[in-house]
Amino acid sequence: TKPKLEINYAVFGAGHHDWVDTYQKIPTYIDEMIGQAGGKRIIERGAGDAAGDFFGSFESWKENLLQVLRKDTDGKNVTNDEKLSIEIVNLTRNLGQIKDFGTVLQNKILVEASEIGPMKRHIEIKLPTGQTYRSGDYLAVLPTNPIETVFRVLKQFQLNTNSQIKIASSTRTFFPTNSPMSAFDILSGYVELNQPISKKQIEILATLCKDKNEQVNLTNLAGDAYEKEILDKRISLLDILEMYRSCELTFSQYLRMLPSLHIRQYSISSSPLWNSEIVTLTYDVHCSPSLSGLGQFYGVASNYLSNLKEGDQIN
Ligand SMILES: Cc1cc2nc3c(=O)[nH]c(=O)nc-3n(C[C@H](O)[C@H](O)[C@H](O)COP(=O)(O)OP(=O)(O)OC[C@H]3O[C@@H](n4cnc5c(N)ncnc54)[C@H](O)[C@@H]3O)c2cc1C
Ligand SMILES: Cc1cc2nc3c(=O)[nH]c(=O)nc-3n(C[C@H](O)[C@H](O)[C@H](O)COP(=O)(O)O)c2cc1C
């Protein structure tokens, strides 16, 4: 007989409803398996849909989890605060070092953008020393945000490219901590700036609005209008701050609301039989009028790749 798994656990699954037959299949399986092995489920499995209010679902699930944990432990050692303190300072830049870079050998247009579709490009990348690949592998690219979006944020918070910030945290964080770094580099390389704002974030912004009309409008957006007016148009936190001028959100509050910048995958379009140290990608450059109706949309990684020049290094 197998020993009983004596753990308390909770599962939150990430999925996408386009995978109709297997939506949340793995999280569901994990949840059931741990339960069957003797684990004690703290709360029901949560589910985030990448095509829906993903972060909103996670926040509600997390709050529910923390509430139960607080009850079980009389509040000891359970905190919802990401203890992040952010101060704006003025010191010289200190960039973190990432060791393994690829090197761009070539980056050219295959097909110009037209009414048929976006621009298609071909890029050749020399892999970091010692790395090879197999046919069918993907390359994970950690991009930087489009400069246009970063400048919008700096303008919103009246910062400039020289503004340095120092982040201290008593819990684990994806931000670089303790040494000052420019707001520009943090915004470029650490956070997603274009994710749709969550319902919960809209509710928070509504409480920070000085103008009553704006407050009412925002509260409505967090209700039934959310899917049509926010998700379908992919309205971001930044879009809302630009539209609702009476919202007094500080830069520190803003940073805390953003998810970490994530990698994007690309199917390697070359074969190691041609060259096992060089990969090529064939990619669309996503650049079109924004679904929100507010200016231009720039896909993060595709524009990052598109702007790389021969000799540039890539993470
Ligand atoms: C396994 C795998 C392999 C892949 N291989 C390739 C490949 O070989 N080549 C390739 O080109 N791509 C490939 N992709 C897609 C690639 O990973 C990226 O998703 C794609 O390049 C877009 O990323 P981005 O950062 O440019 O866009 P993001 O910044 O991530 O933006 C994309 C999001 O913006 C939304 N959006 C689109 N248009 C607008 C608009 N006008 N206004 C507002 N929002 C909008 C989209 O709905 C989407 O949610 C692959 C993906 C996977 C999962
Ligand atoms: C190749 C691939 C297969 C996937 N299969 C499933 C699936 O079977 N069920 C599901 O719910 N989501 C599936 N997804 C969706 C991912 O779970 C979803 O993209 C993810 O939760 C959101 O994280 P991301 O932003 O890192 O993509 C799949 C995604 C990819 C790229």
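This is a predicted model: local features need pLDDT of at least 70, side-chain atom pairs count only at pLDDT 80 or more; totals for chains, interfaces and linings use all residues.

User: How many residues surround ligand 1, and which are the closest?

Analyst: The shell holds 19 residues, the closest being Gln-265, Tyr-266, Val-300, Ala-301 and Ser-302. A residue is counted as near if one of its heavy atoms lies within 4 Å of the molecule.

User: Which polar side-chain atom lies 2.6 Å from an oxygen atom of ligand 1?

Analyst: That atom belongs to Tyr-266. The backbone takes part as well: an N or O atom of Val-300 lies 2.8 Å from a ligand 1 oxygen, and one of Pro-289 lies 3.0 Å from a ligand 1 nitrogen. A polar contact here is a pair of N or O atoms within 3.5 Å; within protein, one must be able to donate a hydrogen and the other to accept it, and residues adjacent in sequence count only if both atoms are side-chain atoms.

User: How much of ligand 1 does the protein bury?

Analyst: The protein buries 66% of the 1000 Å² that ligand 1 exposes when taken alone. Accessible areas come from the Shrake-Rupley method with a 1.4 Å probe, and for residues only the protein chains shown count as cover.

User: Which element gives the most to that shell around ligand 1?

Analyst: Strand β11 does, with four residues. Helices (H or I, at least four residues) and strands (E, at least two) are DSSP runs, numbered from the N terminus.

User: And ligand 2: which residues surround it?

Analyst: Ligand 2 is surrounded by Ala-14, Gly-15, His-16, Trp-19, Thr-22, Tyr-23, Gln-24 and Ala-50. A polar side-chain atom of Thr-22 is 2.7 Å from an oxygen of ligand 2, while a backbone N or O atom of His-16 is 3.2 Å from a nitrogen of the ligand. Of the 610 Å² of accessible area that ligand 2 has on its own, the protein covers 51%.

User: Changing topic, how many disulfides are there?

Analyst: The count is zero, with a disulfide taken as a pair of cysteine sulfur atoms within 2.5 Å. Cys-209 is in no disulfide, and its nearest cysteine sulfur, that of Cys-247, is 3.2 Å away.

User: Is Cys-209 buried or exposed?

Analyst: Cys-209 is buried, because its relative accessible area is 6%. Buried means under 20%, exposed over 50% and partly exposed in between, with a 1.4 Å probe and protein chains only. Cys-247 is likewise buried, at 9%.

User: Where does Thr-280 lie, and what does it touch?

Analyst: Thr-280 lies in strand β12, residues 278–285, and counts as buried at 6% relative accessibility. Leaving out residues up to four places away in sequence, Thr-280 touches His-122, Ile-123, Glu-124, Ser-267, Ile-268, Ser-269, Ser-270 and Trp-274; contact means heavy atoms within 4.5 Å.

User: Finally, why does Glu-6 count as exposed or buried?

Analyst: Glu-6 counts as exposed because its relative accessibility is 69%. Glu-6 is placed in the segment before β1 (8–9), and its C-alpha atom is 7.4 Å from that of Lys-40, 34 residues apart along the chain.

Notes:
Residues are numbered from 1 along each chain as its sequence is written. Chains are lettered from A and ligands numbered from 1 in the order in which they are written. Side-chain values use heavy atoms; hydrogens and water are left out.
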